[in-house]
Amino acid sequence: MKFTRHIVSMCALAACLAFGATAYAAPSEATTELQQGVAKAPAVADLQKGDPGGTLTGTINDVPVSDAKSGLSLTDVANQVGQNKIGINFTWTLICGFLVMFMQAGFAMVESGLCRVKNSNHTYMMNFMVYACGLFAYWLIGFAIQMGGAAGNGNLGGLQPLVGEHTLSLFGRTWGLFGQNGMFLTGHNYDVGVMVIFLFQMVFMDTALTIVTGACAERWKFATFFVSSVLMGAFTYPLFGNWAWGGGWLAQLGTNVGLGKGYCDFAGSGVVHSVGGLSALACALIIGPRIGKFNRDGSSNPIIGHDVSAVMIGCFILAFGWFGFNPGSTLGASAAGCLRIGSVAVNTMLAGCTGTFGAILYMWALKGKPDASMSGNGLLAGLVAITAPSGFVNSVGSAIIGFVAGILVCLSVAFVENYMKVDDPVGAISVHGANGIWGVISVGLFADGKSNYGGSWNGVTGSVTGLFYGDASQLVAQLVGVATLVAVIFTITFVINWILDILLGQRVSIASEVEGLDIPEMGQLGYPEFVFKPEPEVLIAANQAAVA
Amino acid sequence: MAANKTQGQQVTIFMVGITAACAGLAYITSGLGKTALIVGVVLLALSFWKFYSIKSLEGKIALKSQPAISKLAGLAVNIIGWLVVLLGIHLTPSVGGRMVAAILGLAISFASIILILPTACNKNAIWKA
């Protein structure tokens, strides 16, 4: 009995020693190295002497420790690496979003500069208020429709609260239609990643909305513009945005029916500019041309803008903001191919440059003068056209896309005015509509298959590749996107604004239009101390005929 | 008539209405949400009705009535073009066949927005008078 008790005691002691030994295992190599690093890090006394060279600031001691007792661990370091990646991507995306927001000022200057002085206040105010109208509508419901089902973006931490895409089962496949999570950014959507993507997507949406104000300038009733913009920000733009970027059916064309990588639109030639340009066309058709724009025989009269300097400076502001538009669409500057931001930025610059050349050389060689407003439109056309392919093409492709855009905008302006008999004071339909479509198509032609954004795009493994580099199916996917823009988005906008025309009336009265919209609509002239030059005789005659 | 207080009031009611309606949609599962949705829709309808009642006070505009049937026909042709594109993707798996269907459908849609709708919208244009 005594012997048995002795054996049991010895076994218990051995078990305790073994457990204790396990609990007090020798530290791993990594932990040892981390602890040595902590020991070697600059002490507080060293830091108190100042660090003019920046060699002592930002060390191992700045990595947060989760357990003070056990000290810095490999897990702590890995967590910090993850935080850094997301922090870099957040910062990049937000700053790019701020640049895009500033483009509103550029649009305001370009549009007002191309309009007559008697409408300057009204034109500036439309561009000013469209920012608020669109932002509010997007916060209410637009963001939810567009991005409500967009969870899964690794660059911004996953965006996991955004799980809620309404789908349709058709032909044995599931197709995304619209999202539902994110209204008012409340509940689960009160999330740091969701806030970042909201801001970034919102400023893109506002760009699309502001395009319409240009085509409808000088005769659009301010109240109707207000309501129309809210509805476009709440429904029209977000719907196509979801289909292309929010997990919707256009992006799924690759996974569902094998069309390339699905509809690809890196920064929005289709989603932003074509939506804006085609909506502008729809509204301009409903509103009708300005008094005096067309003669009885159908020929058109030029209606000159009042401030070329505003146009030119506005174009530069837009070009500057475009550095946020395209490079920012990587949604990050760390991991998943984001280091291509330099390539995207250069592509953007090049296309703008060659777009300018395309327009100015066309006008100079064929019309005799290097027209300033068309040169500005050429720059913008090149930037619009490169927006979709900017993340997928090389510099030569960018230059070609931009040059073609510059010529296309000149041809389109003439076509829209002289053949379609649509009055577009600023060329918005041609710059954004025609060249937005060209940009979408050019992805299907010029994408070179060299980009690598995490090994796949729209859920299809591989790199976006166009016809010229071996994948014709990508061009088909782009054409499906164009068809959807031309048919669905145009029709939705046309119907909404047709109804608004019936209920509210889109157009101001003849008296207001002849006088200029500044006083009747806004209550104040844009330049109250200026003495205005009389309008050209052909416009005066047209005004008198309209009033009579 | 131009901009005036009534317009401003109706824009305000419209904004309140759409906000309430969206709040109602966001919280549709609750009783308060359903109430907000109804209130919002009512306010929207009210604002549109009031807008319509003051529309005639705007005065004569430089736009005559355009044929609605032609416009509807143009929109229908536009949608048909899109459906041709989608049908082509479903009916044939070959890239060439899908490309042909896409181009054909696009041509139909473009004909609508370039030809049919501008013709309809300019039929009684004021500059033709």
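Does R98(B) count as buried or exposed? With 26 C-beta neighbours inside 10 Å, R98(B) counts as buried (20 or more other C-beta atoms within 10 Å of its own; exposed means 12 or fewer, partly exposed lies in between, and C-beta atoms are placed from the backbone).

The model is predicted, with local features requiring pLDDT of at least 70 and side-chain atom pairs counted only at pLDDT 80 or more, while totals for chains, interfaces and linings use all residues. Residues are numbered from 1 along each chain as its sequence is written, and chains are lettered from A and ligands numbered from 1 in the order in which they are written.

Chain B contains four helices and zero strands, in the order α-α-α-α from the N terminus (DSSP runs, H or I of at least four residues for helices and E of at least two for strands, numbered from the N terminus). The C-alpha trace of chain B spans about 55 × 55 × 20 Å along its principal axes. Buried residues make up 38% of the 129 in chain B.

R98(B) lies in helix α4 of chain B, residues 95–121. Beyond its neighbours within four places in sequence, R98(B) is in contact with G88(B), I89(B) and T92(B), and with V476(A) (C-beta atoms, placed from the backbone, within 7 Å). The C-alpha atoms of R98(B) and L86(B), twelve residues apart in sequence, are separated by 9.0 Å. Of the chain B contacts between residues at least 6 apart in sequence, 58% join residues at least 24 apart.

Methods. Contact = placed C-beta atoms within 7 Å.
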